[in-house]
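Hello,

Here is the structure I promised to pass on to you. Have a look at it first, and then read on for what turned up in it.

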Amino acid sequence: MTQQSARRTEPRGQSVLPLTHPREPLLSLVDISLARNGHSVLDRVSFDLGRGETLGLVGESGAGKSTIALVAMGLLRSPAVTLEGRMQFAGHENLLAEPEAGWATLRGRRIAMIFQDPASALNPCFTIGRQLGDPLRRLLGFDRAATRRRSIELLESAGLNDAEARLAAFPHELSGGMQQRVMIAIALACNPELLLADEPTSALDVTIQAQIMQLILSQVRARNASCIFVLHDLALASQVCDRIVVLYAGQVVEAGPTESVLRRSLHPYTNALKSCVIEFDTETLTPPEGGLPAIGAMPAGCRFAPRCSRATALCTSQTPPLRSLEGRDIACWHPG
Amino acid sequence: MAVRDLSGADRGVRLRAPTLLRFLAHQLAARPFFVIATAVSLAFLFAAIFAPWVAPYAPNFQDSDALMAPPSAAHWCGTDSFGQDLLSRVIFGTRYVFLIGFSSVVIGAAGGLAIGLAAGLTQGAVEWGLMRFVDAILALPSLIMAIAFISILGPGIDKVIYAVGFAMIGPFARTVRADVLQVRAQAFVEAAGLMGVDRLRIIWRHILPNVIFPLAVQATIRIAEAILVSSALSFLGLGVVPPAPDWGLMISEGRAFISIVPWISGVPGAALALLLISLSIVGDGVREQFDPKLRANR
Amino acid sequence: MSEAAPIFRLLDVEKVYQIDRGGWSRLGRNPPRRLAALDGIRLTVQAGDSVALVGESGSGKSTLLRVLLGLTESSDGRALYRGDDIETLTDEKRRSFQRDVAMIYQDARASLNPRLKTLDLIGEPIRQHALCPESELRDRVAALLARVGMPADTADRYPGQLSGGQVRRVAIARALASEPKVIVADEAVSGLDVSTQAQLLNLLRGLQHEMGLTLMFITHDLAVASYLCRRIAVMYLGRIVETGPTKEVLRNPLHPYTRALLAASPRFFEPIAETLPGEIPSPIDLPPGCRFAGRCPRAAQDCRTHEPPLATTRANREVACLHPLID
């Protein structure tokens, strides 16, 4: 415990997790495959998340990162969607087989989510107090007085001063950063064990981004909760995530401790992503050609093969399995 | 003698038919009501165009042996008090229905487009004045407005068209103005201005095409309304004069006998109801198909 | 370098909006509130230069761009294009201005008429300025598409059939169609995947070098600014707070806000840095003194009473701060 909090203040030189997989995972996704209207969106995605860990799902748009977050919240259940695989969470063998009633007891209470655009995630018709009090009343059974007290506490710990006045305010009266703080407060109201954050700072100004990320991290640490971040920014992921899962076109290509995966990437796509990140001294960029394959036109075999400089006949005929190599999981026929 | 290779052409023809049938079958399965409604509406239209060949009798032919006769082999839908075959009158009546319906919607759409464009593109007093004019038109129900027109202009099919058309200007102008305001705010209009394109050309190339489309969709929906209003006018005795086989007029003629010979009013009434329902469903279907707000435009 | 006439000169440009308090207050004596979207902007852009305008929300960068393009009139001060006031250009000069200055919008898709084919979209400026006969239009458009890395058959497709990255390229191709001398881009690569962003940045950089274009690029991303532009102007709440060569400014910022922006940009394996406290204040009715004083970690007494002017500190660098950072 103290080891973990001490780690936060120093630059990410030392990694404390030597293994690819945490010992007692809080969440385990096993071979999650999702198809929408017959088209494959996720293909056998597997990863584990330990208690008190932060994990980053990184990739470009269309890679399926937000889809995984929605699956983990049980929000993707429609006739057009076919979902396979297993999701173990806190004692439940397979949450995906759970009916809606089972999910309703988990959502908000043990798993919570923060969305990208707080302005559209908050209901414009209800006051902040009403929206914040909703989970407290409904899930924890607080009465009015207790709800009000706790709401003020939550808003203050989320960094909003003048919390009492804010309770009566409507979302549009707050700035983007403040709205996001409210959303964090709502998500953490019932002390969930797992927090999902889908691009929580993409819609915010850069100086506010850092504040919000620090807030999320400190709140999550304080509760010893785990957090899954969906991010497209690799540098940000390196700052906040203990472990990282790199996705391409619905498949996991590389996953493991952030330090290993980002300092010494073994998968060509991870390297390609890194090469596109601009730093202040970047002289040239060499992005990979082309773009993600279209949803209905996924190539056979490894999905990155058409854009990969190392691709061989094997790559285009057989999908490489996820296996352990140099302390991380990687799906590549020619890693390194 | 050179043998012409028709195999390719044959193949083309042979392939086209099953593809068309397959398309129709798929549409029927996906949207059965829309397809049926379209078929019914097209049947009525067909009847209107080919009336003289489709109808068994001339519309004003009076069979003195069969006055107020019930449906029989000779007269499928019976006859009215003058011995005129109802089926034939209904078929010829489709001509009035479509003529008035289409023409008045065209007038309304054209007027609405002009006013809506002017209101949407100008500001200040001009826009205010135009919209108050539109408000005035909208304040009166279209039937009342049409009655007022007829009473000034007198009866006659062309007067009915003007009256109903004028009444439709209001709703069209409203939607056109809303669309114009929305399109005007789009970035591509500003971008065109930045390039130096002059105002008129911007209106013609950028604003108008994006406004015409929703207008056309609106028009298909309003045809049913126009038909209803014109039939109501005829029913009230304003507009079309007897012995024209207008449905509203026919319903009115049968009013006195409705308890003893219900088919005189019933047959045109049923035809009117059937056509209106079909047109409404077609209009809805067209809107769903083409309205970019209702479906992803890809 | 100094003999070339500046393409753009902004001299103390101001843009003030009066915000009505609404309702009964119109009858009252309270003056309407004042939103200074731009306040005393002084900026010079030389031909062939590439300038990044960096700022967060409320900084006024979009308003500045609109003033440069003549879309918005300034409340005070003068905006000059090649020495002529943009708002009062003669017809002939206005035509050449419209041809020479091309804009790439942030929302590329919204800036393209969805009912026109790409051929007509890219062809519009060509036709407008009569740059080639109609018979050659298709070839011209194909050449432009090739230059932005798109196949020639794109010309027959509608924007709705193209992906986000492709639409951006079409927008860039259209901007190039009038053979401009200046390209103005409002967040042209934000919101894109890193690989698409990298591709487009390479494209823009290549075009700028090839064609000697002047580039004005709005971005919130300092790294993009350093990759693409030689000079940078940092804005805060309607004022330019620092300018200079991009690499130098980012290596040794003189203004505390620039330093805060740098610190807030995520960098590999650096811990999340000490951030600026508080929210970006509203630009309405700003208090006197330096507008950054409220959040500045180095604010002193005089910062709250005197507004620092944009002053040249050393060759090529300006900063608006009473106590700038020293390296």
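Before we start, one term: two residues count as in contact if their C-beta atoms, placed from the backbone, lie within 7 Å. Please also keep in mind that this is a predicted model.

**How the chains meet**

Which chains share the most contacts? Two pairs of chains are in contact, and of these, chains A and C share the most. Chain A and chain B, on the other hand, do not touch. Their nearest C-alpha atoms are 14 Å apart.

Now look at where chains A and C meet. Chain C brings 34 residues to this contact, and chain A brings 34 residues as well. On the side of chain C that touches chain A, helix H6 (194–211), helix H7 (222–228) and helix H9 (256–264) of chain C each supply at least two residues. H6(C) gives the most, with seven residues. Sorted by class, this side of chain C holds 18 nonpolar, 11 polar and five charged residues.

**Chain C as a whole**

Chain C is built with nine helices and 12 strands. Its C-alpha trace spans about 70 × 55 × 45 Å along the principal axes. How does its radius of gyration fit with a compact globule? For 327 residues, such a globule would have a value near 20 Å, and chain C has 21 Å, so the two agree.

Of the 327 residues in chain C, 45% are buried. Taking the contacts in chain C between residues at least 6 apart in sequence, 65% join residues at least 24 apart.

**A sheet in chain A**

Chain A has an open sheet of eight strands with mixed pairing. If you want to trace the sheet strand by strand, the order in chain A is S5-S6-S7-S3-S8-S9-S11-S10. Strand S5 (111–114) and strand S10 (323–325) of chain A are the edge strands, each pairing on one side only. Neighbouring strands of this sheet are turned by 20° against each other on average, with direction ignored.

As a reminder, strands of a sheet pair through backbone hydrogen bonds, and they can do so either parallel or antiparallel.

Enjoy exploring!

Best wishes

Key. Residues are numbered from 1 along each chain as its sequence is written. Chains are lettered from A and ligands numbered from 1 in the order in which they are written. This is a predicted model: local features need pLDDT of at least 70, side-chain atom pairs count only at pLDDT 80 or more; totals for chains, interfaces and linings use all residues. Helices (H or I, at least four residues) and strands (E, at least two) are DSSP runs, numbered from the N terminus. The radius of gyration is taken over C-alpha atoms; the globule rule is 2.2 Å times the number of residues to the power 0.38. A residue is buried if 20 or more other C-beta atoms lie within 10 Å of its own, exposed if 12 or fewer, and partly exposed in between; C-beta atoms are placed from the backbone. Two strands pair if DSSP finds at least two bridges between them. Axes are lines fitted to C-alpha atoms, for helices over the stretch in contact, and angles run from 0 to 180 degrees between N-to-C directions. Ala, Val, Leu, Ile, Met, Phe, Trp, Tyr, Cys and Pro count as nonpolar, Asp, Glu, Lys and Arg as charged, and the others, Gly among them, as polar.
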